[in-house]
Amino acid sequence: EKGTYPHYMLKEIDEQPAVIRKIIQQYQNESGQLVIDQDIVDAVDQSDRVYIIAAGTSYHAGLVGKQLIEKIAHIPVEVHIASEFAYNTPLLSANPLFIFISQSGETADSRQVLVHVKKLGYKTLTVTNVPGSTLSREADYTLLLHAGPEIAVASTKAYTAQIAVLSILSEVIAKKRGLEVNFDLIHELGIVANAIEVLCDSKDEFEAIAREYLSTTRNAFFIGRGIDFYVVLEASLKLKEISYIQAEGFAGGELKHGTIALIEDGTPIIALATQESVNLSIRGNVKEVVARGANPCIISMKGLEMEEDRFVIPEVHEILTPLVSVIPTQLIAYYAALHRECDVDKPRNLAKSVTVE
Ligand code: F6R
């Protein structure tokens, strides 16, 4: 039930700190170690390449998952849109492991790939919020998100839960491989949960940003570099699907290769700046669009902030920033949809799970 909340989406955004804490608890043993079923750890550890298959928001979580698995567990990862992989299968490695990321566990595009790769004899793991769902039943292994039912069509808490679970998987695999992990993931995820709480307490600020930048605009751009690029893809999907504003997520440096032609006087550009290595370059990209009249809104992270920034998110470990930087974009999308009198929980033309190919 949505209780005192006007919409499920807002309730589910607010649940994210609790979901992160629940995941830490569910994947921890009595001695405080992160644990995952040995069979799953062995299957991932023994693979020479991980193929992540997913759609929509889950695909965007998969892109972040690739970073986590590659950086922490040192296994190469490819991320594929399920409906593309099904018809345009890439050359596979000798010993692949397939991970299906699906909130509902019912997405037909993903299931089609699952059925296909099972026939080829490959190992499969489903990361889902729904125990007993089709993708969970049909895969060799399942990791649960423990996010509680997600009712709003626009996925929010499932995205953060998927990333949190993939971070834990990466850490456990790294330990198994004897790799050094130079941070305490349980501790860092705790910091993330607290940071999300702070952002959920700043709703007025995000409502003001939505009102100022998005209440009448026809289009909007989100830009980021590195891991922020993956988050802006999700940010633009969220804004599109519930507010019907034409939005695009772009890698900051790629704009000048064509898309910058779309910038007009007042075009909103929301930029994420959470990564030290690209902090100056993303700000350079913002200057390029401002010179063409864009209306910039920079959301940065504590420690990297500059005077021109509109909002500064609390500092978290640099590899976990998507869990936190996505929250302002979820709330901005929510308020933009609200201001434009859209049906936030049930956007037009969309269903919660897409069971047709
Ligand atoms: C976006 C959204 C969709 C789903 C996609 C995959 O907010 O909800 O893009 O993420 O249809 O669904 P699952 O994760 O259930 O496979």
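Me: Where is asparagine 349 found?

Reply: Asparagine 349 lies in the segment after H13. One thing to keep in mind from the start: this is a predicted model.

Me: Okay. Is asparagine 349 buried or exposed?

Reply: Asparagine 349 counts as exposed because its relative accessible area is 75%, and the cut-off for exposed is over 50%.

Me: And what is phi of asparagine 349 near?

Reply: Phi of asparagine 349 is near 65 degrees, which is positive even though the residue is not a glycine. For background, most residues other than glycine have a negative phi.

Me: What about glutamate 341, what is its phi?

Reply: Glutamate 341 has a positive phi of about 55 degrees, and it is not a glycine either. Glutamate 341 sits in the segment after helix H13 (321-339). With a relative accessible area of 74%, glutamate 341 is exposed.

Me: How many of the lining residues are nonpolar, polar and charged?

Reply: The lining of the largest pocket has 11 polar, 7 nonpolar and 4 charged residues.

Me: And the second largest pocket, what is its volume?

Reply: The second largest pocket has a volume of about 310 Å³. Its lining is made of 16 residues, with Lys71, Ile72, His317, Glu318 and Ile319 the closest to the centre. The largest share of this lining comes from H4, with 3 residues. By class, the second largest pocket is lined by 7 polar, 6 nonpolar and 3 charged residues.

Me: Now the inside. Which residues touch the most other members of the largest nonpolar core?

Reply: That core has 102 residues, and Ile36, Ile99, Leu143, Ile168, Leu169, Leu239 and Val324 touch the most other members. Helix H8 (residues 157-176) gives the most to this core, 12 residues. In general, nonpolar side chains of soluble globular proteins tend to be buried together.

Me: Which residues does leucine 239 touch?

Reply: Leaving out residues up to four places away in sequence, leucine 239 touches Leu214, Ala220, Phe222, Tyr244, Ile245, Ala247, Ala333 and Ala336. There is also a second, separate core of 14 residues, including Ile269, Ala271, Ala273 and Val289.

Me: How many bridges join strand S4 to S5?

Reply: 4 bridges join strand S4 (residues 123-128) to S5, and the two run parallel. In one of the pairings, threonine 126 has threonine 142 of S5 as its bridge partner.

Me: Last one: where is alanine 208 found?

Reply: Alanine 208 is in helix H10 (residues 203-214). Alanine 208 is partly exposed, as its relative accessible area is 33%. Arginine 218 is 10 residues apart from alanine 208 along the chain, and their C-alpha atoms are separated by 18 Å.

How values were computed
Residues are numbered from 1 along each chain as its sequence is written. This is a predicted model: local features need pLDDT of at least 70, side-chain atom pairs count only at pLDDT 80 or more; totals for chains, interfaces and linings use all residues. Side-chain values use heavy atoms; hydrogens and water are left out. Ala, Val, Leu, Ile, Met, Phe, Trp, Tyr, Cys and Pro count as nonpolar, Asp, Glu, Lys and Arg as charged, and the others, Gly among them, as polar. On a 1 Å grid over the protein atoms alone, a cavity is a set of points where a 1.4 Å probe fits but cannot get out, and a pocket is an open set with protein on both sides within 12 Å along at least five of seven lines; lining residues have an atom within 4 Å of a point. Grid points are joined across faces, edges and corners, and a volume is the space filled by probe spheres set on the points. Two strands pair if DSSP finds at least two bridges between them. A nonpolar core is a set of buried Ala, Val, Leu, Ile, Met, Phe, Trp, Tyr and Cys residues joined through side-chain atoms within 4.5 Å. Buried means under 20% relative accessible area, exposed over 50%, partly exposed in between (1.4 Å probe, protein chains only). Contact means heavy atoms within 4.5 Å.
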